[in-house]
Amino acid sequence: MESSIMQGASILATGSAVPDLCVSNQTLSQIVDTSDDWIVTRTGIKERRLVAKDQSLVDLAALASTRALNKASISPLEIDLIILATSSPSDLFGSASKLQATISANNAIAFDLTAACSGFVLGIVTATQFIQNGSYKNILVVGADVLSRWTDWSDRSTCILFGDGAGAAILQACPRHENGILGFQLNTDGNKSDQLSIAYQEHFAKTSLHEILNIKQGFFQQITMNGKEVYKFAVSKVPASISKCLQSLNISSEQVNWLLLHQANERILNAVADRLSIPSSKLISNLEKYGNTSAASIPLALDEAIKEDKIKFNDLIVISGFGAGLTWGTVIIKWKC
Ligand code: ACO
């Protein structure tokens with residue numbers, strides 16, 4: 001890949017933010033017929049954070065972004081592009097521009113990217129293209145979701161899984177030989193889109209304003225998921241995507257230092273690591289504290305792993321996202337900080 005790029009791209013800094021409100025499995029068992037034991041055994045999740053009613057997706061995304069900017073010691077005015085990966089924007093037209101204004105990144109273009117739990121991986125890959133082809137120098141990629149606002153809190157099969165959060169990464173141009181975003185592998189299977197969705201419910205608009213207004217309008221429903229099918233999809237397709245990506249770069253699974261998967265379910269994380277013969281000691285996992293935070297889960301776990309000093313200079317990190325769409329994909333990073 002290096003010969004075809006104009007400049008390298010690497011992650012300069014990360015940041016993250018979660019709401020203060022922490023809801024334990026014990027508390028959830030007062031809302032639906034479940035138990036701490038069932039949730040921990042089947043998912044590994046112990047608690048999750050839920051956004052307060054006066055807090056927005058943009059508040060969380062802005063906090064994570066500001067933390068990343070501070071760590072990178074760069075001004076928001078130096079950001080050329082903001083990509084906000086989210087499936088729960090505050091505005092259907094997108095929330096990235098509101099984020100741009102909130103952090104005063106006045107020189108940045110900003111757009112939303114919707115790809116559910118794969119959103120952050122797609123955001124990193126998209127940003128990398130803009131940097132490697134020489135278009136931009138500094139890009140802020142944010143993964144943020146507040147799925148608590150779209151969760152059916154009476155459905156025990158889904159409400160135990162999700163939490164809210166935001167994570168951010170600043171990608172910067174660097175010399176070609178220092179390129180840190182080594183390669184990627186992306187996939188979509190729209191035939192299975194109904195296995196996990198927040199569907200749009202249409203009905204005929206009741207208006208007598210004019211006969212030509214015989215149109216459908218509607219609203220979005222709450223999350224529905226075929227858990228078993230999503231589980232099977234994840235444990236088969238994610239290892240295949242990772243293997244393909246490693247192979248294309250001539251990297252063996254023994255050379256991988258860290259495996260960072262979308263934090264959906266501890267059993268999925270372990271099954272994927274097993275299939276790749278990567279020891280579980282190389283798995284980055286924080287889902288027991290936050291559950292599945294959708295597009296936020298990977299940058300949130302990455303930021304925590306960096307804060308805990310796990311990731312060292314030149315470490316190889318395999319990052320894989322998967323979820324609604326269905327979408328899944330891998331990006332392989334050499335850590336350059
Ligand atoms: N508490 C207690 N019992 C429960 C609960 C609960 N919260 N939820 C379901 N059950 C019951 C079911 O009713 C069922 O009972 P039955 O045998 O009497 O019918 C039994 O437990 C088993 O249910 P299953 O659905 O078969 O449970 P499973 O082992 O498949 O675990 C789970 C469910 C955790 C959802 C699992 O299927 C899973 O993790 N799937 C993947 C989800 C995922 O990774 N999503 C990622 C993408 S997210 C995104 O893109 C936004």
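**Salt bridges, domain interface and ligand surroundings**

The side chains of aspartate 33 and arginine 156 are joined by a salt bridge, with N and O 3.7 Å apart (a salt bridge being a side-chain nitrogen of Lys or Arg within 4 Å of a carboxyl oxygen of Asp or Glu). Aspartate 33 sits in the loop between helix H1 (25–28) and H2, whereas arginine 156 belongs to helix H6, so the pair ties together parts that are 123 residues apart in sequence. Helices (H or I, at least four residues) and strands (E, at least two) are DSSP runs, numbered from the N terminus. A search of the whole structure gives 9 salt bridges.

The model is predicted, so local features need pLDDT of at least 70 and side-chain atom pairs count only at pLDDT 80 or more, while totals for chains, interfaces and linings use all residues. Residues are numbered from 1 along each chain as its sequence is written, and side-chain values use heavy atoms, with hydrogens and water left out.

The chain splits into domain 1 (2–178) and domain 2 (181–192 + 223–334), with bounds that come from an automatic or database domain assignment. Their centres, taken over C-alpha atoms, are 16 Å apart. In all, 46 residues of domain 1 are in contact with 39 residues of domain 2 (contact meaning heavy atoms within 4.5 Å). The two domains bury about 3,400 Å² between them, 64% of it on carbon and sulfur atoms; buried area is the accessible area (1.4 Å probe) that two parts lose on being put together, summed over both. On the side of domain 1, Cys117, Phe120 and Val121 lose the most area to domain 2, together 17% of what that side buries.

Across this interface the rule finds 2 salt bridges. Elsewhere in the analysis, lysine 46 pairs with glutamate 288 in a salt bridge whose closest N and O atoms are 3.5 Å apart.

Turning to the ligand, 23 residues surround it, and the closest are Thr34, Arg42, Cys117, Lys228 and Asn265; a residue is counted if one of its heavy atoms lies within 4 Å. An N or O atom in the side chain of threonine 34 is 2.6 Å from a nitrogen atom of the ligand. Arginine 156, the salt-bridge partner of aspartate 33, places a backbone N or O atom 2.9 Å from a ligand nitrogen. A polar backbone atom of alanine 324 lies 3.0 Å from an oxygen atom of the ligand.

Methods: Polar contact = N/O pair within 3.5 Å; in protein donor to acceptor, adjacent residues only side chain to side chain.
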